[in-house]
Structures are given as C-alpha cells and as structure tokens.
Amino acid sequence: AIMLNDKRVYPRSSVKWPVTMITANGALEGVTTNVSTLGAFIRCQKPLNPAVSLFLKVELPMGSPLQVFAEVVWASQASPEDETIAPGMGVRFLW
C-alpha cells in the first residue's frame, strides 16, 4: 500500500530487529519496527526523552550488527486508553 501523504523521501522497511541502546544511564533493550537510512522507530518499555543521544547496536539477520550513534527525535508512551499506541521512540542516525 502506497501512502500518498507520507512525506518521507527515504523508504522505510518494516523490520523487527533486536536492538541494544547504550545511554549515559546504562543499556536498554528494544526492537525496531521500521528502519530507513536516516533513522528508525524502536519499541521499548521506557522511551527516552527527545534530544538524548545514544549508541545503537542493531542485530541484523545476516552479518555483523549495525552500530551507529543516534539521537531521540520523539517518543510515545504507552496509553492505557489506546492499546494500539506502542511505547517507543523515533531516532535519527548520526552517521
């Protein structure tokens, strides 16, 4: 399905890859739900605040893990009223 209102220039792939996020306060585990060359959405229990920098280690299906610095752009908390909202955060890769 092509979304005509999607303003992203770079295509995103819906992929579920395990990811370890290393921050100044320790490590978090999560899973990607979509990834592009510019960033990713990561589902995790305790999303970080925007502007937080982190180091990502993404377990790819084949080959070495993807290791890249990233910055949190936005975060969504779980909503008790709306179960379709998954807790997680959008990150921008800092290549």
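This is a tutorial dialogue on reading a predicted model of one protein chain.

Student: What should I know before reading the numbers?

Tutor: The model is predicted, so local features need pLDDT of at least 70 and side-chain atom pairs count only at pLDDT 80 or more, while totals for chains, interfaces and linings use all residues. Residues are numbered from 1 along each chain as its sequence is written, and side-chain values use heavy atoms, with hydrogens and water left out.

Student: How many helices and strands does the chain have?

Tutor: Helices (H or I, at least four residues) and strands (E, at least two) are DSSP runs, numbered from the N terminus. Here there are zero helices and six strands. Along the sequence the pattern reads β-β-β-β-β-β.

Student: How do the strands pair?

Tutor: In general, strands of a sheet pair through backbone hydrogen bonds, either parallel or antiparallel. Two strands count as paired if DSSP finds at least two bridges between them. In this chain, six strands form a closed barrel in the order S1-S2-S3-S6-S5-S4, with antiparallel pairing. Neighbouring strands of this sheet are turned by 45° against each other on average, direction ignored. Such angles are taken between axes, which are lines fitted to C-alpha atoms, for helices over the stretch in contact; they run from 0 to 180 degrees between N-to-C directions.

Student: What joins S6 to S3?

Tutor: Five bridges, again antiparallel. Phenylalanine 41 is partnered with glycine 90 in S6. S4 and S5 also run antiparallel, joined by six bridges. There, leucine 56 stands opposite valine 68 in S5.

Student: How much of the chain is buried?

Tutor: Buried means under 20% relative accessible area, exposed over 50%, partly exposed in between (1.4 Å probe, protein chains only). Buried residues make up 35% of the 95 residues. Five of the six residues of S6 are buried, so this strand is largely enclosed by the rest of the structure.

Student: And the surface?

Tutor: Accessible areas come from the Shrake-Rupley method with a 1.4 Å probe; for residues, only the protein chains shown count as cover. The chain exposes about 6500 Å², and carbon and sulfur atoms supply 58% of it.

Student: Which residues touch the most other members of the largest nonpolar core?

Tutor: In soluble globular proteins, nonpolar side chains tend to be buried together. A nonpolar core is a set of buried Ala, Val, Leu, Ile, Met, Phe, Trp, Tyr and Cys residues joined through side-chain atoms within 4.5 Å. The largest one here has 17 residues, and Met21, Leu54, Leu56, Met89, Val91 and Phe93 touch the most other members. Strand S1 (18-23), S3, S4, S5 and S6 each give two or more residues to this core.

Student: How far do contacts reach along the chain?

Tutor: Take the contacts between residues at least 6 apart in sequence: 43% join residues at least 24 apart. Proline 87 gives a case: its C-alpha atom is separated by 8.6 Å from that of isoleucine 42, 45 residues apart along the chain. Proline 87 lies in the loop between S5 and S6 and counts as buried at 14% relative accessibility. Its contacts outside four places in sequence include Ile42, Cys44, Pro47 and Ser76.

Student: Is threonine 32 buried or exposed?

Tutor: Buried, at 2% relative accessibility. Threonine 32 is in strand S2 (residues 26-35). A polar atom of its side chain lies 2.8 Å from the backbone oxygen of valine 15. A polar contact is a pair of N or O atoms within 3.5 Å; within protein, one must be able to donate a hydrogen and the other to accept it, and residues adjacent in sequence count only if both atoms are side-chain atoms.

Student: Where is alanine 51 found?

Tutor: In the loop between strand S3 (39-43) and strand S4 (53-58). Most residues other than glycine have a negative phi. Alanine 51 has a positive phi of about 80° although it is not a glycine. Alanine 51 is exposed, with a relative accessible area of 55%.

Conventions:
Contact = heavy atoms within 4.5 Å.
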